[in-house]
Amino acid sequence: MDITWDSVDLDSQRVVGVFYHGAATPEQMVRGTHDDEFDLTPYVSRANQSQNELTITLNWHQELYGVSQAQAGKLIEVRINSTMLWWGVIDSLSEYRHESGARSLNVVVRSRDASPAWRTVKRITEPWPVATPLNTIANSILFELGLTPIEIDLPLVPATTVHSNTQLANMTAWEMLEAVMIAVGGAPYVSARGRFKAINRDTTRAPDIVLTPDRIKSVTSSRSGLAPSNVKIKWLSPSLTKVSRQEIMLWSQTVTFGFFQQKLHIPVLYSDDKTQRVEGVRFVTIESIKKGFGMAGYIERFDEVSIYEGRLVLRAGFEVGLWFLYFGVSVAVMAEIPDEVPAAPGPTIPTGRILMVSALLATLAVMTQIHTGSYQVWGTPFDYVYGRNTTEAYNENTPVFAENETVIDNDFIMNEEMAQALAVRELVYHTRAAQSYNLSIVDDPRIEVGDILQLPDQSRVYVLGYKRDLTPGAPAILDIEGFRV
Amino acid sequence: MTFLTNIISAEIDSKKTELDGKILTLPTLMVTDGAALIYCVDVDVGMKNPLRNVPIATGASSDITYASINNAVRLKRSASGRWEVYAFSKEAPGTRTRIPIIIPDFAFGDPTGGLNDPPAMGSGENIIVGTPEDLTYTSRFLTYEELSSLGGGYGAAPYGAVGVYKGNTLERIV
């Protein structure tokens with residue numbers, strides 16, 4: 001409801017003015033600082049205005065040629081009793097007639113949001129981090145459309161994004177705004193004076209305007225279409241769920257190890273690309289290298305490096321290499337030791353050979369320390385997945401044969417309570433919208449789309465649209481389209 | 001959201017050839033002729049009832065055969081129109097909650113019938129919102145206590161039996 005207006009008094013005269021602005025900007029219109037008006041009122045023979053559109057027929061002789069003539073893309077303003085009622089952007093000029101003594105032209109003017117920039121052009125937003133207020137996202141989209149802060153009138157809402165890197169892509173600006181605002185029970189709307197607002201989709205709230213019997217001219221109602229029996233909200237859960245698979249063998253290998261290597265580290269990747277996470281890792285020894293001759297002191301173990309990989313460690317006793325070196329050198333040294341020749345004639349005492357063979361045997365004993373080990377690594381792969389939750393509100397009174405489902409996908413839902421509130425609100429809204437309720441009442445400029453009007457018989461109407469005849473001499477009647485709530 | 005947006009979403013949904021689902025049972029051999037081995041699972045796809053006996057596609061990764069309960073998988077329609085599990089997925093059906101509501105209908109004309117001081121219509125007073133019901137499908141391995149008390153006593157169900165739950169209600173033991 002536009003609280004800057006008062007309702008039009010009964011039997012009062014409504015003074016309508018139509019003005020052309022060739023240079024004013026939307027911001028100037030909202031601020032009220034425009035000063036380039038050209039008064040078209042004397043030339044208007046017919047005018048009809050609704051919340052999104054104004055159609056006027058102009059008749060003139062010579063006055064509207066040149067700079068005074070309306071051009072597409074410029075602004076037209078309507079006033080009632082010298083107060084701005086509505087302004088829009090000229091969309092089309094048609095049916096220009098030029099005949100002796102008279103010229104006429106039809107002009108169609110649309111509200112600023114009824115343009116391809118809002119409704120057709122696909123856009124992409126920047127990514128928003130977690131806990132970004134939805135107001136920030138809505139404002140960002142509106143700034144992208146060229147609006148300034150003075151042209152935006154959005155209430156602060158306590159809702160934020162709950163996912164990291166939320167981004168809207170390949171959607172029109174209007175679709176983006178609908179997606180953001182429906183999560184908190186609103187819908188996008190551009191007011192008659194060009195400011196972007198949120199209309200409330202809650203049909204159970206108190207009425208905005210209570211009409212008295214003298215202001216109602218007529219009421220027409222109809223019940224058409226199958227109301228939805230249930231509304232499903234599909235939303236991405238903000239928390240990840242851990243899921244584990246069955247234990248599987250992740251890695252197996254046969255390794256030959258021995259005296260010739262002091263240590264061996266073999267990387268064990270749980271997946272080829274090292275992206276698979278694993279828990280409960282189990283190292284299984286099929287054949288141990290310790291069974292090799294003299295290898296009981298060898299070390300074989302498995303180290304878990306991370307949840308993506310591990311490491312097989314084989315290590316010889318630190319002294320094996322030293323022994324091999326020692327005995328190898330001993331062989332060479334012992335080879336220099338000569339055999340002994342006895343003082344008395346007799347066989348040569350093979351002292352040197354005995355020592356050399358002893359060293360050689362010791363060296364060979366070290367060289368037998370070589371064996372093949374066979375190992376496996378088992379584990380339980382796990383991952384984190386997103387849950388796509390479903391919250392459904394259904395009408396218990398609807399019979400099975402009248403089932404009619406509506407599904408709404410929205411990832412701006414923060415929790416189950418918010419999803420339930422949205423599901424209930426939308427089911428009530430769509431169910432009520434099946435019963436149209438149209439009124440003709442004495443003009444009331446306060447009424448906007450989304451308002452709830454209460455009639456004298458206590459029935460209530462949710463306003464979806466309105467129109468009024470602003471032709472000079474027309475009665476001050478407002479025709480309202482809506483549905484019963 | 002406008003009705004047009006919802007219609008477009010429904011149309012997109014009807015053309016889908018892939019679904020995300022959540023495995024409810026361990027992969028089990030379905031049928032074999034001695035040569036072909038077809039493993040199948042029950043999959044929750046976020047609808048009223050789960051898909052039963054969904055085969056694991058022939059070309060699927062062998063890791064799928066070792067999937068466990070509550071794993072997220074992706075299903076694809078085969079050429080014959082049958083759903084098959086062919087890969088793991090990053091998204092799965094989560095919770096499923098239903099809320100019953102009673103919305104009274106309006107009659108034409110004066111709802112008060114000429115009465116003085118009529119009851120208020122609309123304003124939400126005649127709309128009754130019931131208790132939300134949890135209908136989430138989950139699976140888990142039965143505990144020792146459950147093995148002894150469910151399905152005919154201890155020994156009726158083997159160790160490692162899986163219970164499929166709808167909300168808090170045990171639907172069946174697999």
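**Entry 1: ground rules**

I am working with a predicted model, where local features need pLDDT of at least 70 and side-chain atom pairs count only at pLDDT 80 or more, while totals for chains, interfaces and linings use all residues. Residues are numbered from 1 along each chain as its sequence is written, chains are lettered from A and ligands numbered from 1 in the order in which they are written, and side-chain values use heavy atoms, with hydrogens and water left out.

**Entry 2: chain B by itself**

I looked up the fold elements and found 2 helices and 12 strands in chain B. Here helices (H or I, at least four residues) and strands (E, at least two) are DSSP runs, numbered from the N terminus. Along the sequence the pattern reads α-β-β-β-β-β-β-β-β-β-β-α-β-β.

Next I checked burial: of the 174 residues in chain B, 39% are buried. I used under 20% relative accessible area for buried, over 50% for exposed and partly exposed in between, with a 1.4 Å probe and protein chains only.

I also looked at contacts (heavy atoms within 4.5 Å). Taking those in chain B between residues at least 6 apart in sequence, 55% join residues at least 24 apart.

**Entry 3: where the chains meet**

I found 51 residues of chain B in contact with 48 residues of chain A. The buried area between the two chains is about 4400 Å², and carbon and sulfur atoms give 51% of that. This is the accessible area (1.4 Å probe) that the two parts lose on being put together, summed over both.

Across this interface I noted 4 salt bridges, each a side-chain nitrogen of Lys or Arg within 4 Å of a carboxyl oxygen of Asp or Glu. Which element gives the largest share of the side of chain B that touches chain A? I found that β7(B) does, with 12 residues. That side of chain B divides into 27 nonpolar, 17 polar and 7 charged residues. For my sorting, Ala, Val, Leu, Ile, Met, Phe, Trp, Tyr, Cys and Pro are nonpolar, Asp, Glu, Lys and Arg are charged, and the others, Gly among them, are polar.

I then followed β7(B) across to chain A: strand β22 (residues 370-395) of chain A pairs with β7(B) in the parallel sense over 9 bridges. Pairing needs at least two DSSP bridges between the strands. Glu91(B) is the bridge partner of Tyr386(A). Glu91(B) also forms a salt bridge with Arg388(A), at 3.2 Å from N to O.

**Entry 4: salt bridges inside the chains**

Lys197(A) sits in strand β12 (residues 196-200) of chain A and Glu448(A) in the loop between β24 (435-442) and β25 (452-454), 251 residues apart. Buried or exposed? Lys197(A) is buried at 17%, and Glu448(A) is buried at 7%.

In chain B I checked Arg172(B) and Asp42(B), a salt bridge of 2.4 Å, N to O. Arg172(B) is in strand β12 (residues 169-173) and Asp42(B) in strand β3 (residues 37-44), so the pair ties together parts 130 residues apart in sequence. Arg172(B) counts as buried at 18%, and Asp42(B) is buried at 4%.
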